Amino acid sequence: MNRDRVGALFAQALDLPEAQRADWLAEQCAGDEATRAEVERLLRADAKAHDFIERSPGLIAQAGSGFELQAKLAPLKRSLEGGGFAVDAVVAPAGACGVDDLIFRDGFDPRMLASPAGG
Amino acid sequence: MTDDVETLIEAARGGSAPAVQALFARVYDELKILARKQLAGAAASTLNTTALVHEAYLKLAKSDGRGLHGRVHFFALAAKAMRQIVIDHARARLTGKRGGGNVQWIDVEAASDLSGGELAPDELLRLDSALTRLGEDEPRLAQLVEMRFFGGLDLAEIALLQATSERTLNRDWRRAKAQLYVHLHPDV
C-alpha cells in the first residue's frame, strides 16, 4: 500500500459528493483492495471526527485548586519574608488543602507543607 | 530575533542537532515561565496556549520583518514544546499526588489542571503516542498537528509560515485528523 497514493485518493475523494465516492474509489483502486479499504477507513474517520482536536488543550486553574491555597499562603509568606526568613512556598494541585504546619529548618529556611482538609 | 536565538535558528536550519536541542530548551523554558506567570495571575484561570506561544515569540524574537524562515522554525519548536508541557501535565494528572500520609509535598508543576478540550488526560497521552507514530511515517502531517493543536496556530497562520495554500493545508489537516482518529478509535 502506497501511503502517498492513499493521501492523494483521500484528498480527491473529499472533493466528491459523498454518494459518488464509493463507486469512484472502486474504479480508482481496481485490483488494489488494501488501498481502497484504507481510504474508505479514513473517509469514515473524517466523517466522524467533527470537533476532534479542533480545540487546543488549555491549562486551567479550577476552583478549590492550588491557586486558592496560594491566595491563603501569600500573606503568610509575606509576613515570613518581612521577618527575614527565606520562604520556599509550594502550591497544591487540584483539591481542597489547608495549611497545617510550618517547619523551620536550620538557617530559618521554612518550607510550607499542606495537608488535605480534614486529614 | 535576539542574537543567540537567531544564531540557534540558523544553526538548526543548517541541520545542527545540538542547535535544535538548545533552541527547543530555550523555547520550552520560556513557555513554562510564561505559563506559570499567567496561571499565577489573579485574573487568569485559563491559560490560552495560542496566546502563550505568541507571547513566547514576542519575548524571544525581535519583529524586524526579516527571518520568515526563522519564524517557521520558532513556531514549529514552540508547538513541540507546548506538546511536551501539555503531555507532562496529563501524565502528572494521571499519576496523582506524591508523598504519604496526610502531609504531602506539593509540586508547583502539578498546580494547574488540564483541559484537553474534549480529550481526557489519558486520551491526550494516547493522542501523543499516535502523533509520534504519525511523525515517523508522515512528519509533515505530524508537525501540522503540533502547530495547530498544541501550538494553537490556525491554518491561515500556518499556511503563511509555510508558504503554502490554505486549501492544501486543509486537506492535510483532515487527513491528519482522520489518521489520528483511527488510532484512537480503531473500530471506525
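Reader: Which residues in α3(A) are buried?

Author: In α3(A), the buried residues are A:Thr35, A:Glu38, A:Val39, A:Leu42, A:Leu43, A:Ala45, A:Asp46 and A:Ala49. Buried means under 20% relative accessible area, exposed over 50% and partly exposed in between (1.4 Å probe, protein chains only). This is a predicted model, where local features need pLDDT of at least 70 and side-chain atom pairs count only at pLDDT 80 or more, while totals for chains, interfaces and linings use all residues; side-chain values use heavy atoms, without hydrogens and water. Residues are numbered from 1 along each chain as its sequence is written, with chains lettered from A and ligands numbered from 1 in the order in which they are written.

Reader: How many residues does helix α3 of chain A have, and how far does the helix reach?

Author: Helices (H or I, at least four residues) and strands (E, at least two) are DSSP runs, numbered from the N terminus. Helix α3 of chain A covers residues 33-49, 17 residues, and reaches 24 Å from first C-alpha to last, close to the 24 Å expected (1.5 Å times one less than the number of residues). Just after the helix, A:His50 takes a positive phi of about 50°.

Reader: Is A:Arg44 buried, partly exposed or exposed?

Author: A:Arg44, which sits in helix α3 of chain A, is partly exposed, with a relative accessible area of 39%. Its side chain reaches the backbone oxygen of B:Val188 at 3.4 Å.

Reader: Rings next, please. How many aromatic pairs are there over all chains?

Author: Rings of Phe, Tyr and Trp (its six-membered ring) pair if their centres lie within 6.5 Å; planes under 30 degrees apart count as stacked, over 60 as edge-to-face and the rest as tilted. The count here is two. A:Phe52 and B:Tyr181 pair edge-to-face, 5.4 Å centre to centre with 85° between the planes. A:Phe52 lies in the loop between α3 and β1 (58-60) of chain A and B:Tyr181 in helix α8 of chain B, so this pair joins two chains. A:Phe52 is buried at 5% relative accessible area, and B:Tyr181 is buried at 12%. B:Phe149 and B:Phe150 also pair edge-to-face, at 4.9 Å and 80°; B:Phe149 is buried at 1% and B:Phe150 at 0%.

Reader: Which residues touch the most other members of the largest nonpolar core?

Author: A nonpolar core is a set of buried Ala, Val, Leu, Ile, Met, Phe, Trp, Tyr and Cys residues joined through side-chain atoms within 4.5 Å. Of the 73 residues in the largest one, A:Phe52, A:Ile53, B:Leu31, B:Phe74, B:Leu127 and B:Leu180 touch the most other members. Helix α4 (residues 68-95) of chain B gives this core its largest share, 13 residues. Leaving aside neighbours within four places in sequence, B:Phe74 is in contact with B:Ile9, B:Val27, B:Val53, B:Ala56, B:Tyr57 and B:Leu60.

Technical notes: Contact = heavy atoms within 4.5 Å. Polar contact = N/O pair within 3.5 Å; in protein donor to acceptor, adjacent residues only side chain to side chain.
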